[in-house]
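Subject: Structure handover

Hello,

Here is the structure I promised you. Please open it beside this email and follow along.

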Amino acid sequence: MAGTASSAAGAPARCDLAIVGGGIVGLAVARELTRRNPQASVCVLEREAELGTHQTGHNSGVIHAGVYYVPGSLKARLCVEGARELYEYCQQRGIATERCGKVIVATDAGELTRLDELECRGRANGVPGLRRIDAAGIEELEPHARGIAGLHSPDTGIADFPAVAQAYAADIREAGAAVLTGCEVQGVERNGRSLRLTHSHGATEAGNAVFCAGAWADRLAVAAGADPDPRIVPFRGAYLRLAPERRHLVRSLIYPVPDPSLPFLGVHLTKHIGGEVLIGPTALMAGARDAYSLATVRRADLRDTLI
Ligand SMILES: Cc1cc2nc3c(=O)[nH]c(=O)nc-3n(C[C@H](O)[C@H](O)[C@H](O)COP(=O)(O)OP(=O)(O)OC[C@H]3O[C@@H](n4cnc5c(N)ncnc54)[C@H](O)[C@@H]3O)c2cc1C
């Protein structure tokens with residue numbers, strides 16, 4: 001690693017590339033940058049005391065196979081390639097995954113056209129093993145689910161995403177880069193050809209910075225001089241947990257046919273690594289960007305939502 005000088009509290013005073021945000025996206029970006037630029041000094045600046053504590057540690061844990069996305073789109077290609085690479089990576093690193101499969105269930109005739117469209121998309125995207133199933137096929141895979149037709153994606157699975165984030169951080173450190181926690185970036189200033197990031201450890205002069213701050217990304221964009229639009233309006237999804245003695249009712253991942261007028265996949269049942277089965281999500285406007293409980297309300301977040 002070239003050219004890092006440390007400030008008193010541990011963050012480098014200078015680096016070539018700074019990544020703001022230690023969720024899975026920031027860590028994946030930092031890992032890739034250390035591979036592509038082995039001579040560059042790289043540092044990750046994460047606000048929380050631990051890595052991956054926001055979306056990365058609060059999601060459904062699903063490795064999606066690429067059924068939904070428009071064929072030919074970058075999302076479709078990255079989802080299919082990414083799923084394959086993620087299974088490989090987890091296997092190499094001993095991270096828990098399970099190819100439990102997924103069933104998308106149509107419960108009335110009005111959903112069949114959309115199911116046809118998903119089947120076409122999935123096939124065009126090269127989703128491995130995708131097949132159309134009838135009511136009996138649904139029952140065979142999921143004896144407690146009922147529907148008139150479905151799609152089965154045997155390659156959809158689940159992973160321990162926080163463990164993936166930790167493994168990426170280990171790769172980054174092994175490549176000689178710094179991963180700092182408890183380091184909130186509070187200001188971004190252009191300083192000639194570089195950027196001055198002020199943060200809770202002092203300041204870092206970075207040749208270039210990549211901001212991967214999840215639900216706070218718009219705030220950092222504004223701090224760096226961008227327009228306040230678009231801004232993030234937080235919604236929270238609540239989930240129910242199946243009682244442990246009922247978990248056997250769900251073998252894989254059971255999803256509805258999504259409603260194209262909504263930006264959500266619909267209420268689904270998901271098995272998690274560790275055995276839990278969750279049902280959800282709802283979508284409720286939230287009182288904070290990190291409102292993992294309904295009681296969490298932050299004045300600044302509410303103000304940003306309402307004005
Ligand atoms: C309910 C839900 C279910 C989901 N289910 C799935 C799924 O099944 N499969 C799937 O692939 N994806 C799923 N996703 C999407 C996936 O979780 C996200 O795309 C992914 O975790 C985003 O990672 P991230 O690193 O961008 O964000 P985050 O994990 O939120 O990380 C952002 C990081 O930036 C840090 N940060 C913020 N501001 C600052 C600052 N000023 N200075 C320093 N650090 C800062 C935060 O502390 C945080 O650690 C789901 C998302 C949600 C919300």
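In which helix is A170 found? A170 sits in helix α5. Keep in mind that this is a predicted model.

Now find L27. A170 and L27 are 143 residues apart in sequence. In space, their C-alpha atoms are 9.8 Å apart.

L27 also belongs to the largest nonpolar core, which has 27 residues. Which members touch the most others? They are I19, L27, V44, I63, L86, V164 and I172. Five elements each supply at least two residues of this core: β2 (12-20), α1 (24-36), β3 (42-45), α2 (74-93) and α5 (161-174). The largest share, seven residues, comes from α5.

Take I63 as an example. Leaving aside neighbours within four places in sequence, I63 is in contact with A83, L86, Y87, T97, T156, G157, I158, A159 and F161.

**Cysteines**

How many disulfides does a search of the whole structure find? It finds zero. C120 is in no disulfide, and the nearest cysteine sulfur, in C79, is 18 Å away. A disulfide needs the two sulfur atoms within 2.5 Å. C183 is also buried, because its relative accessible area is 1%, which is under the 20% cut-off.

**A pocket**

Next, look at the second largest pocket. About 180 Å³ of space lies in it. Which residues line the second largest pocket? The lining is V188, E189, R190, R193, S194, L195, G207, N208, F211 and A224. By class, four are nonpolar, three are polar and three are charged. The strands β11 (185-191), β12 (194-199) and β13 (202-211) each supply at least two lining residues.

**Cis peptide bonds**

Finally, check two peptide bonds. The bond from D229 to P230 is cis, with omega near 0 degrees. P230 lies in the loop between α6 (217-223) and β14 (235-236). The bond from G280 to P281 is cis too, again with omega near 0 degrees. P281 is in the loop between β18 (277-280) and β19 (284-285).

Best wishes

Key: Residues are numbered from 1 along each chain as its sequence is written. This is a predicted model: local features need pLDDT of at least 70, side-chain atom pairs count only at pLDDT 80 or more; totals for chains, interfaces and linings use all residues. Side-chain values use heavy atoms; hydrogens and water are left out. Buried means under 20% relative accessible area, exposed over 50%, partly exposed in between (1.4 Å probe, protein chains only). A nonpolar core is a set of buried Ala, Val, Leu, Ile, Met, Phe, Trp, Tyr and Cys residues joined through side-chain atoms within 4.5 Å. Helices (H or I, at least four residues) and strands (E, at least two) are DSSP runs, numbered from the N terminus. Contact means heavy atoms within 4.5 Å. On a 1 Å grid over the protein atoms alone, a cavity is a set of points where a 1.4 Å probe fits but cannot get out, and a pocket is an open set with protein on both sides within 12 Å along at least five of seven lines; lining residues have an atom within 4 Å of a point. Grid points are joined across faces, edges and corners, and a volume is the space filled by probe spheres set on the points. Ala, Val, Leu, Ile, Met, Phe, Trp, Tyr, Cys and Pro count as nonpolar, Asp, Glu, Lys and Arg as charged, and the others, Gly among them, as polar.
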